Amino acid sequence: MTKLMLRWLLWCAVLGALAGWIALRLLTAAGKYAPVLDYSALYSLGAVCAVILFLGIRVKRSSQGKSDFEPIAAARTLVLAQASAYAGAVIAGWHVPAIITLWLANGLTPTLTRGLVLTGAGILMVVIGYIVQHLCKLPPEDTDGNSDSVVTE
């Protein structure tokens, strides 16, 4: 399985920002509000981060021999962490155009504060994805049958 690449995460953030900018322009031209997620999304993102971190810790404990965890579940946890990181990049990117526009137009408003908090939550999802990816790293297996810790004479 491949590792998370910063370049792809940045591209996801740029694409999210482009989509957010288009949505912002279309909605404000129609007299609607800026497309900033509500705080209920923050609770959901926090719950997702907590679950992914919990699963990552379980995988790490299993690789240390302290608990039992299925290898397929470890792979699924890794995929979930990586998907969370990509989603966090898109969410953070989505809010950047609204933050910039609201900051320049009105200064500090409740909508701007919500945008800043949700951008931080998206960045936190990326960080949690990297952390759990590191936690899911398994030690190398002994493929040739000879172990350095076993002494044969």
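**Helix H3 and its two partners**

Helix H3 (residues 71–106) packs against helix H4 (residues 110–135) at an angle of about 155°, with the axes 7 Å apart. H3 is therefore roughly antiparallel to H4 (angles over 145 degrees count as roughly antiparallel, under 35 as roughly parallel, 65 to 115 as roughly perpendicular and the rest as oblique). The angles run from 0 to 180 degrees between N-to-C directions. Helices here are DSSP runs of H or I with at least four residues, numbered from the N terminus.

This is a predicted model: local features need pLDDT of at least 70, and side-chain atom pairs count only at pLDDT 80 or more. Residues are numbered from 1 along each chain, and side-chain values use heavy atoms, without hydrogens and water.

The crossing of H3 and H4 is left-handed (the near helix is turned anticlockwise from the far one by less than a right angle; clockwise is right-handed). Their contact holds 17 nonpolar residues, 11 polar ones and no charged ones.

Now look at one residue of H4, Thr119. Is Thr119 buried or exposed? Thr119 counts as buried because its relative accessibility is 11% (buried is under 20%, exposed over 50%, with a 1.4 Å probe). Its side chain reaches the backbone oxygen of Gly115 at 2.7 Å. Beyond its neighbours within four places in sequence, Thr119 is in contact with Ala92, His95 and Ile99 (heavy atoms within 4.5 Å).

Next comes helix H1 (residues 6–29). H1 and H3 pack at about 40°, with axes 7 Å apart. The two are therefore oblique to each other. Their crossing is right-handed. Contact residues include Trp8 and Gly16 of H1 and Ala85 and Trp94 of H3. By class, this contact has 16 nonpolar, four polar and one charged residues.

Technical notes
Ala, Val, Leu, Ile, Met, Phe, Trp, Tyr, Cys and Pro count as nonpolar, Asp, Glu, Lys and Arg as charged, and the others, Gly among them, as polar. A polar contact is a pair of N or O atoms within 3.5 Å; within protein, one must be able to donate a hydrogen and the other to accept it, and residues adjacent in sequence count only if both atoms are side-chain atoms.
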